[in-house]
Amino acid sequence: MAGRIQALVAVDAGFDTHAIQSMLPDGSGVEVVGILNGLDESWRTLQETAPDLLVVACEGYSDRALYFIDSAVKQQPERPVVVLTMGSPNGFVRRVFESGADDIVTLPEPPDRIAFALEKAVARRRGAAVASGIALAPMICVLGPKGGTGKTLVSTNLAVSLAVSGHRPVLVDLDLQFGDIGLALGLRPDKTIYDLARSGGSLDADKLDAYLVKHSSGLKVLLAPTRPDQASSVTVDFLRDVFTTLRSMSDYVIVDTPPGFTPEVIAAIDASSDVCLVGMLDSLSLKNTKLGLETLELMGYNPDRISLVLNRADTRVGITHEDVEAIIGRAPEVLVPSDRQIPISINDGMPIVTREERSEAARAFQKLAETYADEEREHVAAAPEPVVSDRGGKRRFAWRS
Ligand SMILES: Nc1ncnc2c1ncn2[C@@H]1O[C@H](COP(=O)(O)OP(=O)(O)OP(=O)(O)O)[C@@H](O)[C@H]1O
Ligand SMILES: [Mg+2]
């Protein structure tokens, strides 16, 4: 990132200015140009100065802070805003994103973590993937707000498709309590993300690689813990490090997620370059898919980076593809049919893309993988520097015939 990021810190009434001072990064890529007591005072200074970044510190839920963020974003929409707070009571995180902030950090956090969040907010706005300029692979977060829509089916088949077509993907099972990628791919959970989290010490590519389990397709997998009680050892901070390290050592990172927007899922979305949203052809699932899209929009996720997969798309339930478009507000890019071979392939621990590679379902996953691969090739050809950054531009998926 060129030059240090100039950050202005606006401290809400009730928050100890000295306390915030000790938490702020010092000597990193962020230069704190002012810490202002009270949001009124901050507002005046904001009119007169042009910081790269606005940091708003507040104790907990604060309508004043929300109003301030909203006004600051309206005044200068390009300037990123990061919120530091001691607690995030119900509804506050959502309101913070609604008011236009880029990120929210719950304190206490070490200064280097805060620096990372601040640099990331600026880097995102500047279109770079990371402040460090290291080339990062695309990270595709497979989401489905509702359980059982086919997230694990899509993520395993997408990842294996990429592997068999010569890429070096890594698949992460983020369903920390009930992850079943090991079963779906017939892998023994000799090493899991729990073992990695418990290993302590710093994380680097070599160390992480030792905890990946290899699939016959060439795909490497970071498996979920084997027992639900182990999930709590895997913290959001640790996950952020894992995602960044994986993106620096592979061609693609694909993340299978549990249903809902849990803190781990939000961290994965945050760290990702793409979201693949999986819905099914029934009105409840479609409603949840729409809610999922709206939530991503509130989080400021670029809609061009979201692809929509409609699973069991041929099911006759009285909902047409036109209805789907009307409910969700956009057409799905890939349609996966129902196929009896799918549950059989899961029971066998062999993905449908290798078990029945000519089936319509397998071809849908191959097509999904190709769209990511094509886009990546185009990006690499067009990019003057090897930075996987804002890979803008609309996806060119097409409806299956
Ligand atoms: N297109 C399909 N045809 C036939 N069966 C399917 C299809 N899609 C999913 N299934 C079946 O539905 C079940 C749920 O799929 P999957 O595990 O991929 O969903 P999920 O979204 O990952 O669920 P969870 O939210 O519990 O993690 C699987 O057992 C699978 O066999
Ligand atoms: Mg699943």
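I began with helix H10 (residues 236-249), which has 14 residues and reaches 20 Å from its first C-alpha to its last, close to the 20 Å expected at 1.5 Å a residue. I note at the outset that the model is predicted.

I next asked which residues of H10 are buried. I found Leu239, Val242, Phe243, Thr244, Thr245, Leu246 and Arg247.

I recorded an open sheet of five strands in the order E2-E1-E3-E4-E5, with parallel pairing. At its edges I noted strand E2 (30-37) and strand E5 (103-106), each of which pairs on one side only. Neighbouring strands of this sheet are turned by 20° against each other on average, direction ignored. As background, I noted that strands of a sheet pair through backbone hydrogen bonds, either parallel or antiparallel.

I examined one pair of strands in detail. Strand E3 (residues 53-58) and strand E4 (residues 81-85) pair in the parallel sense over five bridges. I looked up Val56 and found that its bridge partner in E4 is Val83.

Helix H2 (residues 39-48) touches strand E1 (5-11) and E2, and its direction makes about 130° with that of E2. Helix H3 (residues 63-75) touches E1, E3 and E4, and its direction makes about 170° with that of E3.

I moved to ligand 1 and counted 19 residues around it, the closest being Gly147, Lys151, Thr152, Leu153 and Pro343. Helix H6 (151-164) and helix H14 (341-348) are the elements that give two or more residues to this shell. I sorted the shell residues into seven nonpolar, eight polar and four charged.

Lastly, I checked the backbone in two loops. I kept in mind that most residues other than glycine have a negative phi, and most peptide bonds are trans. The peptide bond from Leu107 to Pro108 is cis, with omega near 0°. I placed Pro108 in the loop between E5 and helix H5 (111-126).

Arg312 is not a glycine, yet I found a positive phi of about 55° for it. I located Arg312 in the loop between strand E12 (306-311) and helix H13 (321-328). Why does Arg312 count as buried? Arg312 counts as buried because it has 21 C-beta neighbours inside 10 Å, and the cut-off is 20 or more.

Technical notes:
Residues numbered from 1 in each chain as written. Chains lettered and ligands numbered in written order. Predicted model: local features only at pLDDT ≥ 70, side-chain atom pairs only at ≥ 80, totals over all residues. Pairing = 2+ DSSP bridges. Helix = DSSP H or I, 4+ residues; strand = E, 2+ residues; numbered from the N terminus. Axes fitted to C-alpha atoms, helices over the stretch in contact; angles between N-to-C directions. Contact = placed C-beta atoms within 7 Å. Near = placed C-beta within 6 Å. Nonpolar A, V, L, I, M, F, W, Y, C, P; charged D, E, K, R; others polar. Expected span 1.5 Å × (residues − 1). Buried ≥ 20, exposed ≤ 12 C-beta atoms within 10 Å, placed from the backbone.
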